[in-house]
Amino acid sequence: MRSHARVVVIGGGAVGCSALYHLTGLGVTDAVLLERDELTAGSTWHAAGNCPNFSTSWNLLKLQRHSTRLYAGLAAQVGYDINYHVTGSIRLAHTRDRVDEFRHVASQARAQGIEFEMLTPAEVAARHPFVRTDGIIAGLYDPQDGDIDPAQLTQALAKGARDRGAEIHRNTRVTAIGRSSGGEWRIVTNRGTIQCESVINAAGYRGGEIAAMVGEYLPVVTLAHQYIVTEDIPELVARGAARLPLVRDPDVSYYLRQERHSLLLGPYEWQATAHWLNGIPVEFANQLFDNDLGRLESYIEAACRQVPLLGTVGIKTVINGPIPYAPDGNPLIGPAPGLPGFFHCCAFTFGIAQAGGAGKVIAEWVANGQPEWDMWPLDSRRFLDFANQKFALAKAIETYQHEYGVGYPVEERAAGRPAKASPVYQRLRDEGARFGARGGWERAVYFHKAGDAQGLPEASFRRPHWHSAVERECAAVATRVAVLDLPGFTKFEVAGAGAGAWLDRMIAGAVPRQGRTALNYFCAPAGGIVSEMTVTALAPDRYWLISAAAGERHDEHWLRAHLPTRGDGVRLENLSARYGSLVVVGPRSRELLATLTAADLSNEGFPWLAVRSIDIGYARAIALRVNFVGELGWELHLPVEHLQSVYDLVRAAGERFGISDYGLYAMESLRLEKCYRSWKADLTTEYTPLMASLERFVKLDKAGGFIGQDALQREAAAGPRERFVPLLVDAGDADATPVSIVYERDAPVGLVTSGGYGYRLRQSIALAYVRTDLAVPGRELEVEILGERRRAVVGREPLYDPDNLRLKA
């Protein structure tokens, strides 16, 4: 083994070999892969090998579609035979919610060039002669689904990488990882030591072990997944080479496909079973767990009822193998904060289907500094410090149990909660709060009152029962006064003599003057939006940066990675855990707060977009005259030890003003009416500030420059290819959800990034990116909602209070 390479990939499963293959495709041929056993050891060798395109996530759909397209031509490209059967697949729907999900995903797929087809029960039977359609109300057909031999896939990717100059070393166990004096990674193995600029941790269920070698914890647990293979079935023998489409019955929770002349059945059972919570056996590689068919009994019986052919023969093989699970079931892909050049690409629950796309993403991250697609749902920085093993286990089991759950636009699941709670959590519960977790923090999503509907589903593609509560809360914000407890805001303090100059080079807009606050955008070199933060100047050399709770590790990583190497008088401190936030809004918010503080809250003393330190009770709050709902109001940022007492004061003083609490669902409705963008929904690295119609926040001619300036100047000269617009939608009982497709006649011309109902306007709203020539107020388009095209008219933003008179009142 050589002593140096540009990139070392650790792990020789399908994902690791795909990473190596894609690196060499980008010209990074000075690359080495280290595998502790044989290629495919781990989870790859025993995988069922299914290759779906289907996903309720827009970017996972991209990832998996890249895989299937790659696999279709891989054998010919690298000269290695692969058993890849494109059989098509049928998903069965027993419920109306499932049909809604199918229609929504079919629309997404069509926009990515995949023609899914909705099937009637009769059409299901015509495509699969052995499926009974009792209890089935619809099906979804994916013509490009199928199955692949995982070992052959891995070997083909490995051959392709070797042919381009990469090296692969089997039986090479990594025992330690450190840094050289020059900053390179030093990887110690049982066969020698190799140094490199970049490391990709593609070690599968051993990804946590590799991370621990560099001092990082990954929230990954190993669960057992079983599937069975039957004896040969005469009816399938008689069909010769003809293959049945794969069947998935998500409402029962199993997949069933043909394996030669047998059937292969894999349930996701409720009795999810974890292993190795105290460490993975050193020598475990190509082994399996003992069979445990009792867990599968009811699923086998259900599958036999739906496909009676399955029950006509016995079981030939049982596979019970380890699969890694992150808390949400998505892999961990991306850079490791504080560890320059170290990347994760592991914890794949569906590694075969996603290996192709994952290899592309991580190779682009390493070689180019940023992938083509924004992969936040898979980003290894998305979990914060609360995501320990207890949390990871609870969520992984829940995720496994709901592996085939309906992918609702909004659903608040219970496992792993509460992880973090505000001091007023119990107060809010007593007021009827229903909670959701955001960045690990319990946040009220709405408040249930006596007389509200009971017993209806909490999640739906249609407007669920809690919309009546949201309407009530929006009315309180718009007509009286309301308070929102918003724990978990990410807060950084940037201080020092060089703080202002450094910030100016980081942001696309202007650094606010002392006593003022401004929304600002951090851009990637290619111009895409990395983060949105409120920048507040507390003093000439002291600034606060406030951003989304979930982005804490992501944003801190970006900021620290760009700090001056020698300090240059810039200090960055993370204050997120030390401050909580109360948002007091509504036309009577000034009257209420005036009873609690001696501060001048008038427009002259405290104008819009100003910041002041004010005393309330025994606390000193940093008060910002901004909010996310478009009414008169203030954000009060308080030391956590004072939050409960100030909340109690606000509630008590607000009684005579008709105060109410409000939650996140109301805030979402209100921000849609103001066309306020949401990070990682409307703002991603795939969109620039110019595409996002945020040019008023960009100083293209900034003398000192900023990250992404050159790219944005080129884009401004050429004109952005698409633009962010609000759409007023003629919806029925279902609003446009994220990733609904926008059409002009029969051509897809845009993508909805946020959608819902605006109660102040009494109007269904979608926020979308559309082709630039169509971004004209009054232009009529259509949005596809659950398979039905709905009229949508481009609006002028903001839709509500267009002159911001209420904000400035």
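**Entry 1: Ala347**

I started at Ala347, which I found in the loop between strand S19 (342-346) and helix H9 (351-368). I am working from a predicted model, so I read everything here as prediction. Buried or exposed, I wondered about Ala347? Its relative accessibility is 0%, so Ala347 counts as buried.

**Entry 2: Arg260**

Next I looked up Arg260, another non-glycine residue with a positive phi, this one about 55°. Arg260 sits in the loop that joins strand S14 (254-259) to strand S15 (262-267). With a relative accessibility of 61%, Arg260 counts as exposed, whereas Ala347 is buried.

**Entry 3: cis peptide bonds**

Then I turned to the backbone at two prolines. I kept in mind that most peptide bonds are trans. The bond from Arg417 to Pro418 is cis, and I noted its omega as near -5°. Pro418 belongs to the loop between helix H10 (389-401) and helix H11 (425-430). I also found a cis bond running from Glu797 to Pro798, with omega near -10°. For Pro798, the place to look is the segment after strand S38 (788-794).

**Entry 4: cysteines**

How many disulfides does the structure hold? I noted zero. Cys474 is in no disulfide, and its nearest cysteine sulfur, on Cys675, is 15 Å away. Cys304 has a relative accessible area of 23% and is partly exposed.

**Entry 5: H2 against H5**

Last, I went to a pair of helices, H2 (residues 58-78) and H5 (residues 150-163). Their axes come within 10 Å and cross at roughly 55°. H2 and H5 are therefore oblique to each other. I wrote the crossing of H2 and H5 down as left-handed. Which residues make the contact? From H2 I listed Leu70, Tyr71, Leu74 and Val78. On the H5 side I listed Leu153, Ala156, Leu157, Lys159, Gly160 and Asp163. Sorting the residues of this contact of H2 with H5 gave me seven nonpolar, one polar and two charged.

Conventions: Residues are numbered from 1 along each chain as its sequence is written. This is a predicted model: local features need pLDDT of at least 70, side-chain atom pairs count only at pLDDT 80 or more; totals for chains, interfaces and linings use all residues. Side-chain values use heavy atoms; hydrogens and water are left out. A disulfide is a pair of cysteine sulfur atoms within 2.5 Å. Buried means under 20% relative accessible area, exposed over 50%, partly exposed in between (1.4 Å probe, protein chains only). Axes are lines fitted to C-alpha atoms, for helices over the stretch in contact, and angles run from 0 to 180 degrees between N-to-C directions. Helices (H or I, at least four residues) and strands (E, at least two) are DSSP runs, numbered from the N terminus. Angles under 35 degrees count as roughly parallel, over 145 as roughly antiparallel, 65 to 115 as roughly perpendicular and the rest as oblique. A crossing is left-handed if the near helix is turned anticlockwise from the far one by less than a right angle, and right-handed if clockwise. Contact means heavy atoms within 4.5 Å. Ala, Val, Leu, Ile, Met, Phe, Trp, Tyr, Cys and Pro count as nonpolar, Asp, Glu, Lys and Arg as charged, and the others, Gly among them, as polar.
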